[in-house]
Structures are given as structure tokens and as C-alpha cells.
Amino acid sequence: MTHIPAHVPTGLVRDFNYFDLQQDRDIHEHFHKLHRGPDIFYTPQHGGHWVATRFDDMAHIFDNDADFSSRHATVPFPPYQITLMENDGQLHDDFRKLLQPYFSPKSIGSLETVATELTTSLIDGFINNGECEFTRDFAMRMPIIIVMNLCEFPKEDTAHLTQISEDITRSHDPQTQAAAFGRITEYLSGKIIPARMANPGKDMISAIIHGKVDGGRSPTQMEIMGLSTLLIVGGLDTVASMLGFITAFLARNPAYRQQLIDEPERIPKAMEELFRRHGVANIGRTVARDLEYKGIQFKEGDFILTPTTAAGLDDHHYPDAMRVDFDRADKKHLAFGRGPHQCIGSFLARTEIRVFLTEWLKRIPHFEIKSGEEPQVLPGKANRVTYLPLTWKLA
Ligand code: HEM
């Protein structure tokens with residue numbers, strides 16, 4: 001058991017491992033239960049860290065990057081620094097500017113056609129079976145192909161990159177993560193970076209390699225590697241997880257599904273409520289100086305987990321937070337973060353999920369969880385649906 005530091009009051013210590021659902025089956029119920037305890041508490045898990053549970057505290061932390069640094073944004077700390085996501089201040093701004101043009105609504109607009117064709121062709125592949133395992137057959141396949149398009153990676157590398165991304169995000173074993181990082185380093189440094197160094201394209205990876213940061217220097221090999229990895233992993237796992245949670249919800253709740261079938265124009269607004277209710281990203285911040293917040297002493301270097309999953313389920317902020325209400329007045333949520341690090345891929349993610357819902361509900365309006373089976377879920381840096389067996393009646 002980790003030693004509890006002297007500045008942590010004993011009354012604020014709770015044993016909470018955010019990778020472990022314990023006896024709970026519903027991840028969101030599990031995070032909702034955090035609100036029965038103190039708003040901010042300390043857990044001895046993963047070397048010891050704070051956990052913020054309320055929307056307002058997380059918003060404060062995300063907005064105040066001078067006090068709450070991103071130099072470690074996940075726990076346990078990965079064996080490398082995640083470029084952009086774990087940079088602060090000017091260096092963060094410099095990297096963000098290199099990527100921004102690729103994520104603008106105008107650039108993403110051209111990917112909408114790719115996303116639509118991909119969605120229909122994936123559905124074509126299994127619709128006549130009357131069933132699919134949604135995670136394997138759809139959720140893991142759609143977003144990686146979109147990211148590969150964005151980075152202009154060769155199509156034949158899809159399976160290889162999917163596996164690496166899974167090892168980095170699913171595992172909380174530092175050795176597995178380090179090995180996966182080694183494999184992606186090998187892939188990028190062997191196949192992709194030298195080619196684009198010599199012959200820059202118009203793609204995002206070329207823009208990173210040939211960009212200037214930090215007063216005019218070129219990004220280091222490690223920075224290029226870290227950022228390319230973040231784009232692959234960030235763009236796959238979160239979208240796959242969100243697709244899984246939303247689809248499981250619609251499979252279990254035909255009345256909600258019917259509203260979107262009858263009035264597809266409601267999909268964009270309904271999506272925001274579904275994002276709030278099914279948050280996936282559990283990120284954090286590192287305290288940048290000794291400070292007091294809400295009567296608690298924090299020491300420089302303390303890590304605070306800011307699980308956006310719990311922020312969306314905060315009854316102090318959202319009345320009857322566990323209930324999905326497509327007409328909820330407050331559509332703001334923290335599912336994509338907030339402040340300087342707010343998700344740069346959020347427009348792309350919204351496009352992918354909107355295209356999915358529109359096309360899926362047209363082709364497979366009535367579906368349910370396969371009888372006698374249970375979806376499987378795992379909490380972690382990104383909560384995920386690892387197994388989602390669906391069935392539907394053939395027309
Ligand atoms: C439903 C899907 C998604 C969710 C829930 C999500 C969530 C988040 C969150 C909460 C953050 C903030 C991290 C922090 O504050 O430390 C973030 C940042 C980021 N996301 Fe996403 N994301 C999604 C999709 C995507 C996609 C599709 C991409 C790109 C292909 C992407 C790329 C990134 C990048 C590069 C950052 C770092 C931004 C920065 O530090 O300035 N994300 N995402």
C-alpha cells in the first residue's frame with residue numbers, strides 16, 4: 001500500500017482504482033457512485049493521486065493550466081511524454097497550430113464522404129447475418145480507417161496499427177505500453193517518417209515533421225513520434241468507445257431510438273446528451289505549485305485525476321444526471337475536455353458518430369443485445385465496450 005503523504009487528511013482517503021470496476025457492471029453507475037463521497041479525495045492506487053468528482057472542480061482545473069499542468073495527464077505515467085497533450089504554454093500552442101488546419105470543419109468536411117461510404121460498406125458486410133459483434137465488426141474498424149486517411153497511412157497497415165493502439169490504451173501494464181510504443185516507433189521511424197522527411201506531402205504527419213516550434217526549432221524525433229502516436233490512439237479508442245456506449249444504450253432503449261428514427265434531424269443535439277451521459281475520457285493534471293483549493297492543500301507534483309465520466313453524471317450540475325433527456329436545456333459537457341487542451345478532434349468525432357447514427361438507423365433501425373449475452377466493459381484512461389453482441393430481424 002502506498003504511503004499517504006503528510007499533507008493528505010486521513011478523512012479524504014478512499015481506495016479507488018479507476019481501472020477496476022470491482023463488483024459493478026455498469027461503468028457509469030460506478031462513476032456516479034463517486035458523488036456519495038467527498039468532492040475531491042485521495043486514493044493510494046497508482047502511486048497515490050487525488051480524484052476530482054464534480055463538474056465545477058474539473059472545469060476549474062482544465063481552465064487553470066498555470067496551476068494544473070498537463071506535464072502528466074494520465075496515471076500511471078506512460079514511459080514517454082505525450083507531445084501536445086502533455087505540453088504546457090507556448091510549446092503546446094506551437095504544436096496545436098501545426099495540427100489545427102487539418103481539424104477545421106472545412107478539412108473534415110471531405111472526410112464525411114469517406115465516413116459515409118465506410119459505414120455503409122461495413123454494415124453491408126454483416127447486415128444479412130442478422131447479428132454482429134459491434135466492437136470488433138464496426139467500432140474498432142471505422143475510426144482507425146478515418147485516422148489512417150487523415151495521416152495518409154497505407155491501407156495494408158490497418159491491422160498492425162489497430163493492435164498497437166489497443167496495447168497502448170487497454171493495458172495498464174507499463175511494459176506492454178512500452179513494447180507497443182516501441183512497435184509504433186519502429187513503424188513510424190522505419191516506414192513513414194524518412195519517406196515524408198525526403199518527400200513532404202500535404203498530410204498532417206509531414207506538417208508535423210517540417211513544422212517549427214519553440215521559437216523556430218524543428219520538432220525532435222521523440223516529439224514527432226509522440227504526436228503521431230497520440231493522433232492514432234486518440235482518434236481510435238475514444239471514438240470506438242463512444243460508439244459502443246451509445247449503441248448499447250440505443251439497443252436497450254427502443255423509445256429513445258424511435259425518436260431518432262422518426263426525426264433524424266434531432267441526431268446532432270441528441271448526440272450531445274449521449275456524450276454527456278456516456279463520458280469515456282479519464283484524464284488528469286499535475287499540480288504546478290503548492291496551493292490551496294477548496295480548503296485542501298495540494299503539493300507541487302501531486303496528480304489529480306479528472307474523470308470526465310463523473311463530470312457528466314454530477315447531479316449538482318445536471319438535474320437527474322443518470323437520465324438521458326434529448327431535450328435537456330444544458331447541452332454543455334466536458335466529454336471533450338475544456339480549456340487549452342480541449343479535444344482538437346471533436347468536430348471529426350462528431351462527424352463520425354453522426355454519420356454512423358444516421359446510416360445505421362436507416363439500415364438497422366431495430367436491434368437489441370443478443371439474448372443471453374452481456375456486453376463487456378472496461379474502465380481506464382478511456383472507458384471502453386470490449387464486447388457488444390447485437391441482433392436484429394432481417395427484413
Ligand atoms: C468521442 C471521441 C473523443 C473523445 C471523447 C475525446 C476526448 C478528448 C479529451 C477529453 C481531451 C482533452 C485531454 C486533456 O485535457 O488532457 C482530448 C484531447 C485530444 N484529442 Fe480527443 N477525443 C475524441 C476524439 C478524438 C479524435 C477523433 C482525435 C483525432 C484524430 C482526437 C485527438 C485529440 C488530441 C490530439 C488531443 C490533445 C489536444 C491538446 O492537448 O491540445 N480526439 N480528447
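This is a predicted model: local features need pLDDT of at least 70, side-chain atom pairs count only at pLDDT 80 or more; totals for chains, interfaces and linings use all residues.
Local features need pLDDT of at least 70 and side-chain atom pairs count only at pLDDT 80 or more, while totals for chains, interfaces and linings use all residues. Residues are numbered from 1 along each chain as its sequence is written.

**View 1. An open sheet of three strands, in the order β4-β12-β9.** Strands (E, at least two residues) and helices (H or I, at least four) are DSSP runs, numbered from the N terminus. Pairing in this sheet is antiparallel, and two strands pair if DSSP finds at least two bridges between them. At the edges lie β4 (131–133) and β9 (367–369), each pairing on one side only. Look along β4 and β12 (residues 389–392) for their three bridges; E133 has P389 in β12 as its bridge partner.

**View 2. Helix α10 (residues 221–252), end to end.** The expected span is 1.5 Å times one less than the number of residues.

**View 3. Where α10 meets helix α14 (residues 346–363).** On the α10 side you will find T238, V239, M242 and L243, and on the α14 side A349, E352, I353 and F356. Contact means C-beta atoms, placed from the backbone, within 7 Å.

How values were computed: Axes are lines fitted to C-alpha atoms, for helices over the stretch in contact, and angles run from 0 to 180 degrees between N-to-C directions. Two residues are in contact if their C-beta atoms, placed from the backbone, lie within 7 Å.
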